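This report walks through one protein model, from its overall layout to a few individual residues. Please keep the sequence and the picture at hand while reading.

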Amino acid sequence: MWLIAILFALTGAVRGSLLGGQVENLPKAASDRQDDVATSDIDIDLDLPDGATLIKLHGTFMVIAWLGTTSMGILIARYFKRTWVNRQIFGTEAWFFWHRACMLFTWTFTLIAFIMIFIDVDGWSYGEAPHAILGTITTILCFFHPILAMFRPSLGDDKRKYFNWGHRFGGVLAHLLATVTIFLSIMVKKAQLPNWLYAILSLAVLAYVTAHIYFTVLLRKAQQHGSYSNRNIDAPYSTWRKRGLLIFGLVSLCLVAAIVTIIILAPIGNGSTPEAPDETAPAMEND
């Protein structure tokens, strides 16, 4: 709950600092009339992106993070510990370097996207409860996940296996909740997304599940191979794993790009259309 309170405070600080800078530049004659200022609305341009832009950026960042880098990072951690053996990047095992890079990208984009949507709705959105609640839970899990990872026990510690299971469960749970939340975003009226986006999202999920099945089959076959016990070399079928990861990466890139394009161009297809402006008011004024 304190994380939500911090986000509320941060949202208020961003708006307050921008608003405060504008008020200081108002003419003194206007600032002296405090009673009039307190009882009237002041239309001040904060030079912030409009609501539609923030919503599109929020959706774009979340899709890239959870359907892109998170999926790739989980696959690498699950199936590539015996690939690129004896190869290090900046002093870190290659598989761990790429896993951590993907998850750091997810962590950064998720927090930025979450702050964006808080700025847009100026707090909590009660009208979109399922999407907002699951999104908040996902963000909290995402926020703490890498922090807790810094306290992992050493390899020889008996508690390491419990940490590994807990770390895996937390990551998979956050990924699952994020995916469900993205599906629920189609029901958010302000997003104005078409219903047929469900099909493309389903393809992204299908590609991810298919990748898991493919790598699991290769893992089982590798474990039956005689050289699997030699941890100083890549496990058998290393080339097939690398090819599979490349293919999944390209497919995922295309699907994420398509989803992001739809988010940016919304409303399109059978999505909700913006309400038409009320033309009766000017006519009444002219009368």
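## Terms and basis of the model

A surface patch is made of residues with over 30% relative accessible area and no salt bridge, where like charges are joined within 9 Å and nonpolar side chains (Val, Leu, Ile, Met, Phe, Trp, Tyr) within 5 Å. The accessible areas come from the Shrake-Rupley method with a 1.4 Å probe, and for residues only the protein chains shown count as cover. A salt bridge, in turn, is a side-chain nitrogen of Lys or Arg within 4 Å of a carboxyl oxygen of Asp or Glu.

The model is predicted, and local features need pLDDT of at least 70, side-chain atom pairs count only at pLDDT 80 or more, while totals for chains, interfaces and linings use all residues. Residues are numbered from 1 along each chain as its sequence is written, and side-chain values use heavy atoms, with hydrogens and water left out.

## Overall layout

The protein chain holds ten helices and two strands, where helices (H or I, at least four residues) and strands (E, at least two) are DSSP runs numbered from the N terminus. Along the sequence these elements follow the pattern α-α-α-α-β-β-α-α-α-α-α-α. Of the 287 residues of the protein chain, 37% count as buried; here buried means under 20% relative accessible area, exposed means over 50%, and partly exposed lies in between (1.4 Å probe, protein chains only).

Helix α7 covers residues 160–184, and its 25 residues reach 36 Å from the first C-alpha to the last, close to the 36 Å expected at 1.5 Å a residue. The expected span is 1.5 Å times one less than the number of residues in the helix. Among the buried residues of α7 are Phe 163, Gly 170, Gly 171, Ala 174, His 175 and Ile 182.

Pro 153 lies in the loop between α6 (129–149) and α7, and this proline counts as buried because its relative accessible area is 17%. Its C-alpha atom is separated by 9.4 Å from that of Asn 164, which is eleven residues away along the chain.

Helix α8 (residues 197–223) has 27 residues and reaches 39 Å from its first C-alpha to its last, close to the 39 Å expected at 1.5 Å a residue. Its buried residues include Leu 197, Ile 200, Tyr 208, His 212, Phe 215 and Ala 222. Which residues make the nonpolar surface patch of about 300 Å²? They are Val 205, Val 209, Ile 213 and Val 217. The C-alpha atoms of Val 205 and Ser 71 are 134 residues apart along the chain and separated by 9.6 Å.

A positive surface patch is formed by Arg 78, Lys 81, Arg 168 and Arg 220. Lys and Arg count as positive and Asp and Glu as negative, while His and the chain ends are not counted; the place of a charge is taken as NZ of Lys, CZ of Arg, CG of Asp or CD of Glu. Arg 168 is found in helix α7 and counts as partly exposed because its relative accessibility is 40%.

## Backbone details in the loops

Most residues other than glycine have a negative phi, and most peptide bonds are trans. Asn 86, in the loop between α4 (51–79) and β1 (88–89), has a positive phi near 65 degrees, and this residue is exposed, with a relative accessible area of 66%. Phe 90, in the loop between β1 and β2 (92–93), has a positive phi near 55 degrees and is exposed at 76%.

The peptide bond from Ala 266 to Pro 267 is cis, with omega near 5 degrees. Pro 267 lies in the loop between α9 (238–265) and α10 (280–286).
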